[in-house]
Amino acid sequence: MRIDIISVLPELLVSPFEHSIMKRAQQKGLLEVVVHNLRDYGLGKHRQVDDYQYGGGAGMVMMVEPLSNCIEQLQVQRSYDEIIFLTPDGKTLHQGIANQLSLSKNLLFICGHYKGIDERIREQYVTMEISIGDFVLSGGELAAAVLVDSIGRLLPGVLNDETSALFDSFQDGLLAPPVYTRPSEFKGWKVPDVLLSGHDKAIEDWRYEQSLNRTKERRPDLLQK
Ligand code: ADE
């Protein structure tokens, strides 16, 4: 999969993909993330990318022309399964969206800044609008990084058996059960006996019960679905 990201702050999108699972996904050739600096498409001597909003009001708006030029230049090279604008008024990200997007070949993300982007970009190019939660970030970059990570780890071959996404919270509609590692006792705090019992079936049942209880307690809304 290839993910292109348009941003006015490309520096924010370096480190998130240079470590751990995202790094490995790219090294294995399963994921390619390419960040494009919108400033390169900016207008005039100052490479302007934002301007005052019509109708007045505080805050700058990202201009239609640089974004349009950038998107169309990228579209010459490949066609995108989705053009996604990261925005707090988009659809809230959940595991199902990440699962669905992980089946794509090419994705294009647009990171907003300031007051937002000229509405005509949303009307003419954007096919999907995603929020990572009901709060406002300074820009779309961190949201884009979250979305790339949630998709990238689902690509076949990225995770090994140990880290398999099948056992993640949400993947079966339940939260994940508690986990423990050595030592089996620390300051008198003990690991549940069943996990040391070696009885696979008992362990599986315990984990399921823990998942169910945790979900009931913390996220009863998930059980309704
Ligand atoms: N940009 C600013 N806030 C955001 C959010 N919550 N989700 C996605 N993009 C954003």
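1. Helix H5 spans 16 Å from its first C-alpha to its last over 12 residues. That is close to the 16 Å expected at 1.5 Å a residue. Please keep in mind throughout that this is a predicted model.

2. How many of the 12 residues of H5 are buried? The count is 9, so H5 is largely enclosed by the rest of the structure. The buried residues are Glu141, Ala143, Ala144, Ala145, Leu147, Val148, Ser150, Ile151 and Gly152.

3. Leu147 is itself one of the buried residues of H5. Beyond four places in sequence, Ser150 touches Leu93 and Ala98.

4. Now the sheet. It is open and has 5 strands, in the order E2-E1-E6-E5-E7. The pairing is parallel. Which strands stand at the edges? They are E2 (32-37) and E7 (128-131). Each has a single partner strand, so one side of each is left without a neighbour in the sheet. From one strand to the next, the twist averages 30 degrees.

5. Take the pairing of E1 with E2 as a worked case. Strand E1 covers residues 2-7 and runs parallel to E2, with 6 bridges joining them. Within that pairing, Ile5 has Val35 of E2 as its bridge partner.

6. Two helices pack on this sheet. Helix H2 (residues 64-77) touches E1, E2, strand E5 (82-92) and strand E6 (106-111). The direction of H2 makes about 165 degrees with that of E1. Helix H5 (residues 141-152) touches E1, E2, E5, E6 and E7. The direction of H5 makes about 160 degrees with that of E6.

7. Is strand E1 mostly covered or uncovered? It is mostly covered, with 6 of its 6 residues buried. Side chains in a regular strand alternate between the two faces of the sheet. In E1, Arg2, Asp4 and Ile6 point one way. Ile3, Ile5 and Ser7 point the other way. Both sets are buried. Note that the buried residues include Arg2 and Asp4. Ile5, the bridge partner of Val35, is buried as well.

8. Helix H2 has a serine to check too. Ser68 lies in this helix. Its relative accessibility is 15%, so Ser68 counts as buried. Which residues does Ser68 contact once neighbours within four places in sequence are left aside? They are Ile121 and Tyr125.

9. The ligand is surrounded by 13 residues. The closest are Thr87, Ile132, Gly133, Phe135 and Leu137.
   - Ile132: a polar backbone atom is 3.0 Å from a nitrogen atom of the ligand.
   - Gly133: a backbone N or O atom lies 3.2 Å from a nitrogen atom of the ligand.
   - Leu137: a backbone N or O atom lies 3.0 Å from a nitrogen atom of the ligand.

10. Arg182 and Pro183 are joined by a cis peptide bond, with omega at about 0 degrees. Pro183 falls in the loop between H5 and strand E8 (185-186).

11. Ser20 has phi near 50 degrees, a positive value in a residue other than glycine. Ser20 belongs to helix H1 (residues 20-27). With a relative accessible area of 58%, Ser20 is exposed. Lys187 has phi near 55 degrees, again positive in a residue other than glycine. Lys187 is in the loop between E8 and strand E9 (189-190). At 64% relative accessibility, Lys187 counts as exposed.

How values were computed: Residues numbered from 1 in each chain as written. Predicted model: local features only at pLDDT ≥ 70, side-chain atom pairs only at ≥ 80, totals over all residues. Heavy atoms only, no water. Pairing = 2+ DSSP bridges. Helix = DSSP H or I, 4+ residues; strand = E, 2+ residues; numbered from the N terminus. Axes fitted to C-alpha atoms, helices over the stretch in contact; angles between N-to-C directions. Contact = heavy atoms within 4.5 Å. Expected span 1.5 Å × (residues − 1). Buried < 20%, exposed > 50% of the residue type's maximum accessible area, 1.4 Å probe, protein only. Near = heavy atom within 4 Å. Polar contact = N/O pair within 3.5 Å; in protein donor to acceptor, adjacent residues only side chain to side chain.
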